[in-house]
Amino acid sequence: MVVMFADVRTPITGWRSASERDRLLQVVQPGLIGLIDGTISTLAPIFASAYVAGSHAALLVGFAAALGAAISMGMSEALSDDGALTGRGGALQRGIITGAATFVGGSLHALPFLIGDVHKALTVAYVVVSCELIAIAIVRKRFLRVSLASSLVQVTLGGVLVSAVGAAVGHG
């Protein structure tokens with residue numbers, strides 16, 4: 001039992017002892033890539049399915065898209081660089097971080113579709129997406145030193161473009 005707790009503290013100790021650059025390259029950047037991709041890439045299929053087939057379909061499509069994107073992004077990150085040349089850290093660690101963050105980013109705005117009324121679910125989903133985009137902008141400001149206003153414009157523009165695609169396809 002003590003060994004299990006020691007293993008849990010190791011990543012925390014590693015985080016605290018790592019340089020800011022290493023934290024950025026090995027944890028923050030893979031996580032941010034996942035959050036951005038998961039949040040933005042799943043908007044179109046989730047919203048299109050909501051408009052075409054209702055809440056239940058949007059929920060299923062949302063989780064399928066989030067899981068598929070998580071696997072794809074995790075593998076892409078892990079297979080793109082073993083970390084030896086770039087110092088970006090271990091491939092497995094980065095792949096897991098990216099995949100998990102992609103799933104979180106892609107699944108949060110699918111959850112409102114647990115609400116059976118698609119119009120209410122869409123309203124809640126829009127609020128959730130707004131919160132996700134604000135969170136991404138704040139992380140970018142904190143770690144990448146991008147101005148909050150600039151970051152909000154950038155991530156919101158991406159979200160609006162993909163949401164518009166989903167709405168256009170959904171309304172046929």
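Modeller: A crossing of two helices is called left-handed if the near helix is turned anticlockwise from the far one by less than a right angle, and right-handed if clockwise. The model here is predicted, so local features need pLDDT of at least 70 and side-chain atom pairs count only at pLDDT 80 or more, while totals for chains, interfaces and linings use all residues. Residues are numbered from 1 along each chain as its sequence is written, and side-chain values use heavy atoms, with hydrogens and water left out.

Biologist: How many helices and strands are there in the chain?

Modeller: Helices (H or I, at least four residues) and strands (E, at least two) are DSSP runs, numbered from the N terminus; the chain has seven helices and zero strands.

Biologist: How do α2 and α6 pack?

Modeller: Two packed helices are described by the angle between their axes and the distance between the axes. Axes are lines fitted to C-alpha atoms, for helices over the stretch in contact, and angles run from 0 to 180 degrees between N-to-C directions. For α2 and α6 the angle is about 160° and the axes lie 11 Å apart, so the two helices are roughly antiparallel (an angle over 145 degrees). Their crossing is left-handed, and the contact (heavy atoms within 4.5 Å) involves residues including Leu24 and Val28 of α2 and Glu132 and Leu133 of α6.

Biologist: Which residues of α6 are buried?

Modeller: Buried means under 20% relative accessible area with a 1.4 Å probe, protein chains only. The buried residues of α6 include Val118, Leu122, Val129 and Arg140, and among the elements covering the buried residues are α2 and α7.

Key:
Buried means under 20% relative accessible area, exposed over 50%, partly exposed in between (1.4 Å probe, protein chains only). Angles under 35 degrees count as roughly parallel, over 145 as roughly antiparallel, 65 to 115 as roughly perpendicular and the rest as oblique.
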